[in-house]
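Please read the following walk through one protein model with the sequence and the coordinates side by side.

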Amino acid sequence: MKPKVYINKPIPQEVEEYIAGHCDYRKSKEGEKLSKEQFHDEIKDVEGILTAGGSVDQEFLQAASNLKVVSNMSVGYNNFNLEEMKKRNVIGTNTPYVLDNAVADLAFGLMIATARKIPELNNYVKNGGWKGGDDTPLFGLNVHSTTLGIIGMGRIGQVVARRAIAGFNMDVLYHNRKQNLELEDEIGVTYKNLEGLLKESDFVLLLLPLNEQTKHYFTFEHFKLMKKTGIFINISRGQTVNENALVQALWEREIAAAGLDVFDQEPTSPDNPLLSMDNVVALPHIGTATHKTRADIAMLAAKNLVDVLINDGKSAYIVPELR
């Protein structure tokens with residue numbers, strides 16, 4: 001008998017066909033919003049769930065009493081209540097590697113967009129502001145041959161660092177829990193303590209996972225250490241930053257600009273003061289949002305799901321805390 005699974009997010013047809021070859025499945029209908037009671041009824045007898053970030057908490061796990069695996073279509077897994085999953089021997093998987101290049105693309109998009117004021121100047125031209133004359137107010141900042149500081153030198157950070165050095169002739173500093181001497185020798189990055197990185201970097205790229213230690217990790221004191229011409233980029237999780245501190249730093253010109261793909265609350269409120277600032281480039285959490293990358297993520301999540309159910313997870317990307 002095939003294991004029963006529930007697919008909680010729309011997936012490409014080929015991914016659905018892959019799951020169908022190994023599992024009996026039900027899926028949510030596109031655009032359908034189930035009540036909590038309806039959703040719990042859907043998952044009450046399944047052994048596996050394919051999802052994209054919904055909270056896997058005590059109530060969820062109680063409803064799915066036969067559950068063996070939750071497969072996230074995401075590299076992040078802060079939606080997992082790890083302690084509750086451990087108690088019930090529920091495996092959690094994620095999708096590293098397949099999204100690294102897409103997120104690195106976005107990091108450079110935000111760096112260039114903020115430094116060269118691209119969204120602001122796009123509106124300036126389209127709204128008829130371009131009359132000629134002195135263009136000094138339109139000047140931006142260089143990206144090439146500057147210094148990039150990366151906080152959190154994991155897989156994505158390493159992809160960004162390689163591109164920064166090879167393509168933009170940047171000096172790359174990094175701060176991490178552990179110094180990576182092998183990476184330093186291989187590509188020429190330099191380890192710095194956090195204060196040193198913030199003081200020396202022209203761009204500060206935050207790439208921290210969200211957990212109890214990193215929630216609101218970045219504060220006003222950190223922004224004050226940055227250069228007045230410094231640009232802050234966050235493509236990790238919005239809650240790693242004290243958002244009020246970021247607003248204050250921008251208002252008081254402690255930093256020049258910010259490029260944000262993530263916010264403390266998502267979707268963010270239209271009243272969020274960050275959205276009214278010309279020196280903020282704001283995106284709707286689209287780091288992995290290309291057609292190919294999302295399809296690759298969905299397929300890897302499906303393979304993780306099937307591997308745990310059929311093959312005891314021998315090839316699955318099981319999150320470290322649940323191995």
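Is Y97 buried, partly exposed or exposed? The model is a predicted one, in which local features need pLDDT of at least 70 and side-chain atom pairs count only at pLDDT 80 or more, while totals for chains, interfaces and linings use all residues. Residues are numbered from 1 along each chain as its sequence is written, and side-chain values use heavy atoms, with hydrogens and water left out. Y97 counts as partly exposed because its relative accessibility is 46%, given that buried means under 20% relative accessible area, exposed over 50% and partly exposed in between, for a 1.4 Å probe and protein chains only.

Y97 belongs to the loop between β5 and α5, where helices (H or I, at least four residues) and strands (E, at least two) are DSSP runs numbered from the N terminus. Although Y97 is not a glycine, its phi is positive, at about 75°. The structure holds nine aromatic pairs, a pair being rings of Phe, Tyr and Trp (its six-membered ring) with centres within 6.5 Å, called stacked if the planes are under 30 degrees apart, edge-to-face if over 60 and tilted for the rest. Y97 and Y317 make a tilted pair, with 5.7 Å from centre to centre and 50° between the planes. This pair links distant parts of the chain, since Y317 sits in the segment after α12 (291-311), 220 residues apart from Y97. Y317 is likewise partly exposed, at 34% relative accessibility. R155 lies over the face of Y97, 4.9 Å from the ring centre, where a charge sits over a ring if NZ of Lys or CZ of Arg is within 6 Å of the ring centre and within 35 degrees of the ring normal. Elsewhere, ring pairs link Y6, F39 and F60 into a cluster.

The loop between α6 (118-126) and β6 (147-151) contains T146, and W130 is also placed in the loop between α6 and β6. T146 counts as buried because its relative accessibility is 12%, whereas W130, with a relative accessible area of 60%, is exposed. Leaving aside neighbours within four places in sequence, T146 is in contact (heavy atoms within 4.5 Å) with N169, M170, D171, D202 and F203, while W130, with such neighbours likewise left aside, is in contact with Y124 and V125. N169, one of the contacts of T146, lies in the loop between α7 (155-168) and β7 (171-175). N169 is exposed at 54% relative accessibility, and its phi, near 55°, is a positive value in a residue other than glycine. A further backbone feature is the cis peptide bond between E266 and P267, with omega about -5°, and P267 lies in the loop between β11 (257-260) and β12 (280-282).

What remains is the second largest pocket, an open space with a lining of 23 residues, of which N8, K9, F39, T51 and G54 lie nearest its centre. On a 1 Å grid over the protein atoms alone, a pocket is an open set of points with protein on both sides within 12 Å along at least five of seven lines, and lining residues have an atom within 4 Å of a point. α2 (36-43), β3 (48-51) and α3 (58-63) each supply at least two residues of the lining, and the largest share, three residues, comes from α2.

Terms used:
On a 1 Å grid over the protein atoms alone, a cavity is a set of points where a 1.4 Å probe fits but cannot get out, and a pocket is an open set with protein on both sides within 12 Å along at least five of seven lines; lining residues have an atom within 4 Å of a point.
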